[in-house]
Amino acid sequence: MTVAEQRSSAIAQTLERIRAIEARDGVSRDSLDAIRAELIALAARRELFPPKEFPLAQGKGERFEMLSVDPDGRFELYLEVADKVVDTLPHNHTTWAVVVGIQGLELNRLYEGEGGEAGDAPLKLREEVPVTAGSGICMMPSDFHSIHMEKGELNLHLHLYGVGFAHMKDRLMFDPASGRYLPYNPALAVVA
Ligand SMILES: [Fe+2]
């Protein structure tokens, strides 16, 4: 089998177990912890994700490679490859999400609060979680996070969403400058 075939097979087996966890236990902090453990085990097989198979395009410092999505848009898995400064605004996904590291560092900031109307009190930082090889974070649908990466090392991380981006509805981002929640806008949410 080629590496690509081995990767596809490992991803399919991992997602089969993850679907079963969600079907059995629903969406909770505990079930997401179990899903994270499955994804960390997949990410630990670094030989399945050789950077040379996911090169960054000329002049681009970031790449999102969709690895899998169900026909109904559920269980959308991405490989994010990045070697650039990345800073996003705090945002939610309105679906559960799990991020785990293969290599490099994706600093995640997690926030208090679950969104609200424009003009509501600002989000407060709850904790910073460095997501590296062997670690990961879980987010419930209403959780807010922001992502921060540096240039100078190749970051590879797996991102799994309960439903894919095309199906996420009513997402919010938080604009610290104005102290307001705003409808999520990908063009504005990534500030660097
Ligand atoms: Fe996010």
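Y78 is buried, with a relative accessible area of 11%, where buried denotes a relative accessible area under 20%, exposed one over 50%, and partly exposed the range in between, computed with a 1.4 Å probe on protein chains only. The structure is a predicted model, in which local features need pLDDT of at least 70 and side-chain atom pairs count only at pLDDT 80 or more, whereas totals for chains, interfaces and linings use all residues. Residues are numbered from 1 along each chain as its sequence is written, and side-chain values use heavy atoms, with hydrogens and water left out.

The ring of Y78 forms an aromatic pair with that of F165, with 5.6 Å from centre to centre and 65 degrees between the planes, an edge-to-face arrangement. Rings of Phe, Tyr and Trp (the six-membered ring of Trp) are taken to pair if their centres lie within 6.5 Å, and planes under 30 degrees apart count as stacked, those over 60 as edge-to-face and the rest as tilted. The pair links distant parts of the chain, since Y78 lies in strand β2 and F165 in the loop between β9 and β10 (172-175), 87 residues apart; helices (H or I, at least four residues) and strands (E, at least two) are DSSP runs numbered from the N terminus. In contrast to the buried Y78, F165 is partly exposed, with a relative accessible area of 35%. The rings of F174 and Y181 likewise form an edge-to-face pair, because their centres are 5.0 Å apart and their planes stand at 65 degrees. F174 is buried at a relative accessible area of 4%, and Y181 also counts as buried, at 5% relative accessibility. A search of the whole structure finds 7 aromatic pairs, and ring pairs join F64, Y78, Y161 and F165 into a cluster.

The largest nonpolar core comprises 26 residues, and those with the most contacts inside it are I18, I35, L39, L42, W96, L158 and L160. At least two residues of this core come from each of α1 (3-25), α2 (29-43), β2 (74-82), β4 (97-103) and β9 (155-163). A second, separate core of 10 residues includes Y78, A97, V99 and V129. A nonpolar core is here a set of buried Ala, Val, Leu, Ile, Met, Phe, Trp, Tyr and Cys residues joined through side-chain atoms within 4.5 Å. When neighbours within four places in sequence are left aside, L42 is in contact (heavy atoms within 4.5 Å) with A10, I11, T14, L48, F49 and L158.

The iron ion is coordinated by the NE2 atoms of H91, H93 and H145, at 2.1 to 2.2 Å, and along the chain these donors follow the spacing H-x1-H-x51-H. Donors are N, O and S atoms within 2.8 Å of the metal (3.2 Å for Na, K and Ca), and sites may look incomplete because water is not among the atoms. H91 is buried, with a relative accessible area of 5%, and H93, which is found in the loop between β3 and β4, is buried at 2%. The side chains of H93 and H91 make a polar contact at 3.4 Å, a term that covers a pair of N or O atoms within 3.5 Å, of which, within protein, one must be able to donate a hydrogen and the other to accept it, residues adjacent in sequence counting only if both atoms are side-chain atoms. Residues up to four places away in sequence not being counted, H93 touches M139, P141, D143, H145, Y161, M168 and R171.

An open sheet of 4 strands has the order β3-β8-β5-β6 with antiparallel pairing, two strands being paired if DSSP finds at least two bridges between them. β3 (86-87) and β6 (125-131) stand at the edges with a single partner strand each, so one side of each is left without a neighbour in the sheet. β3 pairs with β8 (residues 145-149) over 2 bridges, and V86 stands opposite M149 of β8. Strand β5 (residues 106-111) is mostly covered, 5 of its 6 residues being buried; β5 is joined to β8 by 4 bridges, with H148 of β8 as the bridge partner of L107, and to β6 by 6 bridges, where Y111 stands opposite L125.

N155, in strand β9, counts as buried at 0% relative accessibility. A polar atom of the N155 side chain lies 2.6 Å from the backbone nitrogen of L105.
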